[in-house]
Amino acid sequence: MGSSKILHIILILAFEIGTSLRFELVGVLTLGWILALVYTCLFLWRSPLLKEKNFRTISLIYFAMIVFQIMADFMVDNTLTNGMKGAAVGIVSYANLFFLSSLICKNQKLTIWLFLGMALECLIKGVTGDYEGEDLAEEAMEGENASFLKFVLAPLLTYLMLCLSSFIRGTKATYIFMYFGVFLVLAGARSSGLTAFLIGVTVWIVRFKKKNVTAFIRTYSLPILAVLYGVYAIYVTKVISGELTTGNNQQLAKSDNPYNPLEIIKYSRTDAWMGLVAWADKPLWGHGSWPTDETHKYHIMMAEITGNKYVPRKEAPLVPGHSVIFGKAVCGGVFSMISVTMLIMFFVRRQYKLLNHDSRYTFINAYCLFSTIWHSLFSPLGHIRDDFPQMFAVTLALWLAYSKESQQQTALPRKSHPQSPSRGKRYALPNGQ
């Protein structure tokens, strides 16, 4: 292994481990983000990535998103501190994306090291207790509180399985992901379990069909959804009957119709939909970055929807927006929401099309596809800075390699068999490394 490859591995791991080391400076910063910001300042303008059309498009969308957020904070007369924090989310996200893309586009094998670093970050959070909850793993499995399972154990195991999946061909690993997904759902980590299960099903289809997978999915989408709903109905029946007690099942008990998945989303992700309500109150420029719910209006509405009694806090809470898309709408209005949606769709389209290209990274691509969709709809706005750059960098690297291979196959005679880029070889960017 060359010294440059070792350096790239060290940089990837340093970034991931550094993101778990946080400190306050205006807003929250991490050592990993500082590394990415310094790297971007030093190498952006001479990077061969800027000669790549896809990355130029990404850069323009990011630029628009940051500018619209600054304009929104100015128009709503937001505080300077909140405005700086709002702009910093987009700037740090772009720096993280450029840093990771610059490395992974040179060598796809760094994708494995990236996910290994993400696993190490989860391990550090579990050891230090720096996650949303303080319960033990035993409590999670007993159903008392599933925060350790959801935020540490489930992602840690998922990342390690994704690393191993790149070395396993055929369909055996798909069944492992399906069983693992079912286990997580039964244990209480429903979103992580659903993601793992869908990864297994999707990659099974990819390796069963071999080609034109997207056409197959479009044709059989309704039967596939019917099967998935059948699995969901069985799960609900087991919970209602008392056979399953692990995890957070209060949402099923409170729901008027637990067999309707939208009802469960209403109870479990009320703050995501409330972001849509908050944006509708100020659709043009939103409420500004880090807006507070001064009258507690939206939190009272959330309590009414879920059948809970709202107890006012001494300090006004933030306006809810537990969704990257709706959260951006709350903070920056319609133009910010459009720009972040364009960014998300840019990558989702490519992740979906890459399903037609089975490679050693197919499991990872499927993970990026489902995680991007889920976080876009049901995760806090901070994911655009935390998780999106990692998934987007992997997608960009896979897409550039796939596009290059397609061009080579078109240029060569039919009997020629060019070497597939799916084996993690090093590929040159235009006029560059």
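A disulfide is defined here as a pair of cysteine sulfur atoms within 2.5 Å. By this rule, the count for the structure comes to 0 disulfides. This is a predicted model, in which local features need pLDDT of at least 70 and side-chain atom pairs count only at pLDDT 80 or more, while totals for chains, interfaces and linings use all residues. Residues are numbered from 1 along each chain as its sequence is written, and side-chain values use heavy atoms, with hydrogens and water left out.

Cys163 is buried, with a relative accessible area of 7%. Cys331 also counts as buried, at 11% relative accessibility.

The chain as a whole comes next. Its secondary structure comes to 19 helices and 2 strands; these are DSSP runs numbered from the N terminus, with helices (H or I) of at least four residues and strands (E) of at least two. Of the 433 residues of the chain, 52% count as buried. The accessible surface comes to about 21,000 Å², and 65% of this belongs to carbon and sulfur atoms; such areas come from the Shrake-Rupley method with a 1.4 Å probe, and for residues only the protein chains shown count as cover. Contact means heavy atoms within 4.5 Å. Among the contacts in the chain with a separation of 6 or more, 70% are accounted for by residues 24 or more positions apart.

Leaving aside neighbours within four places in sequence, Tyr159 is in contact with Phe115, Met118, Ala119, Cys122 and Tyr367. Tyr159 and Cys122 are 37 residues apart along the chain, and their C-alpha atoms are separated by 9.4 Å.

Attention now turns to charge. Side chains of opposite charge can pair when their charged atoms come close. A salt bridge is counted where a side-chain nitrogen of Lys or Arg is within 4 Å of a carboxyl oxygen of Asp or Glu. A search of the whole structure finds 4 salt bridges.

One of them joins the side chains of Glu121 and Lys125, with an N to O distance of 3.6 Å. Because the two residues are 4 residues apart in helix H5 (residues 110-128), about one helical turn separates them. Glu121 counts as buried at 11% relative accessibility, whereas Lys125 is partly exposed with a relative accessible area of 21%.

Another salt bridge is formed by Lys297 and Asp281, at 2.9 Å from N to O. Lys297 lies in helix H15 (residues 297-306) and Asp281 in helix H14 (residues 270-281), so this pair ties together parts that are 16 residues apart in sequence. Lys297 counts as partly exposed at 35% relative accessibility, and Asp281 is partly exposed with a relative accessible area of 38%.

The side chains of Asp386 and Arg385 also meet in a salt bridge, with 3.1 Å from N to O. Here Asp386 is partly exposed at 23% relative accessibility, while Arg385 is buried with a relative accessible area of 15%.

The side chain of Arg360 does reach the backbone oxygen of Ser166, at 3.5 Å.

Asp77 has a phi near 60°, a positive value in a residue other than glycine. Its place is in the loop between helix H3 (53-75) and helix H4 (80-104), and Asp77 counts as exposed at 68% relative accessibility. Trp290, likewise not a glycine, has a positive phi of about 55°. Trp290 is found in the loop between H14 and H15 and counts as partly exposed, at 32% relative accessibility.

Conventions:
Polar contact = N/O pair within 3.5 Å; in protein donor to acceptor, adjacent residues only side chain to side chain. Buried < 20%, exposed > 50% of the residue type's maximum accessible area, 1.4 Å probe, protein only.
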